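User: I'm new to reading protein models. Could you walk me through a few features, one at a time?

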Amino acid sequence: MNTTVSAIVITVALLLMLASLVTAIRDRPMGMVLLVGFAVLEVAVLVQVGFVIAAVAGGAESPEPATLWGYLIGEVVIPPAAVFLALAERSRWGTAILVVAGFAIAVMNARLGQIWQGAA
């Protein structure tokens, strides 16, 4: 797993979480900035998945492969699902969904690093 890409994913996820929190506190629906931000986050997550697939194809192994793939699939699904729900709910609660999604991606990514390194 590439630590640089992981750091980028965590940073972008936390920045999006903060931007979404400010937007939710201001009682605004999701705007174009958050939409584009979550699209960038999804691309970064997909790049990370590509690095993991390349590492596994190259012979690297994780001590917990099922957990690793579960976290990776979850990371890929969360941003589009959160954006879809935020677009469907055009109140502050739709933006609050993005706050939770950004936090979840950051935590899941940190946990992925631990799983990849073999830490419990």
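**Reading the features**

Analyst: Let's start with charge pairs: this predicted model holds 1 salt bridge. The term means a side-chain nitrogen of Lys or Arg within 4 Å of a carboxyl oxygen of Asp or Glu. Before going on, some ground rules: residues are numbered from 1 along each chain as its sequence is written. Because the model is predicted, local features need pLDDT of at least 70 and side-chain atom pairs count only at pLDDT 80 or more, while totals for chains, interfaces and linings use all residues; side-chain values use heavy atoms, leaving out hydrogens and water.

User: Which residue forms a salt bridge with Asp 27?

Analyst: The general idea is that side chains of opposite charge can pair when their charged atoms come close. Here the partner of Asp 27 is Arg 92, with the closest N and O atoms 3.4 Å apart. The pair links distant parts of the chain, 65 residues apart: Asp 27 sits in the loop between α1 (3-25) and α2, and Arg 92 in helix α4 (residues 92-117). Helices like these are DSSP runs of H or I, at least four residues long, and strands are runs of E, at least two, numbered from the N terminus.

User: Is Asp 27 buried, exposed or partly exposed?

Analyst: Buried means under 20% relative accessible area, exposed over 50%, and partly exposed in between (1.4 Å probe, protein chains only). Asp 27 has 45%, so it counts as partly exposed. Arg 92, at 32%, is partly exposed too.

User: Which residues touch the most other members of the largest nonpolar core?

Analyst: A nonpolar core is a set of buried Ala, Val, Leu, Ile, Met, Phe, Trp, Tyr and Cys residues joined through side-chain atoms within 4.5 Å. The largest one has 26 residues, and Val 9, Phe 38, Leu 41, Leu 68 and Leu 98 touch the most other members. At least two residues come from each of α1, α2, α3 and α4, with α2 giving the largest share, 8 residues.

User: What does Leu 68 touch, leaving out residues up to four places away in sequence?

Analyst: Contact means heavy atoms within 4.5 Å. On that basis Leu 68 touches Val 52, Ser 62, Leu 112, Ile 115 and Trp 116.

User: Which residues does the UniProt annotation "transmembrane region" cover?

Analyst: UniProt positions use the numbering here, feature names are shortened, and annotations may be inferred rather than shown by experiment. The unreviewed entry gives residues 34-56, 68-87 and 93-112. In the model, residues 34-56 are 100% helix, with end C-alpha atoms 33 Å apart. Residues 93-112 are also 100% helix, and their end C-alpha atoms lie 28 Å apart.
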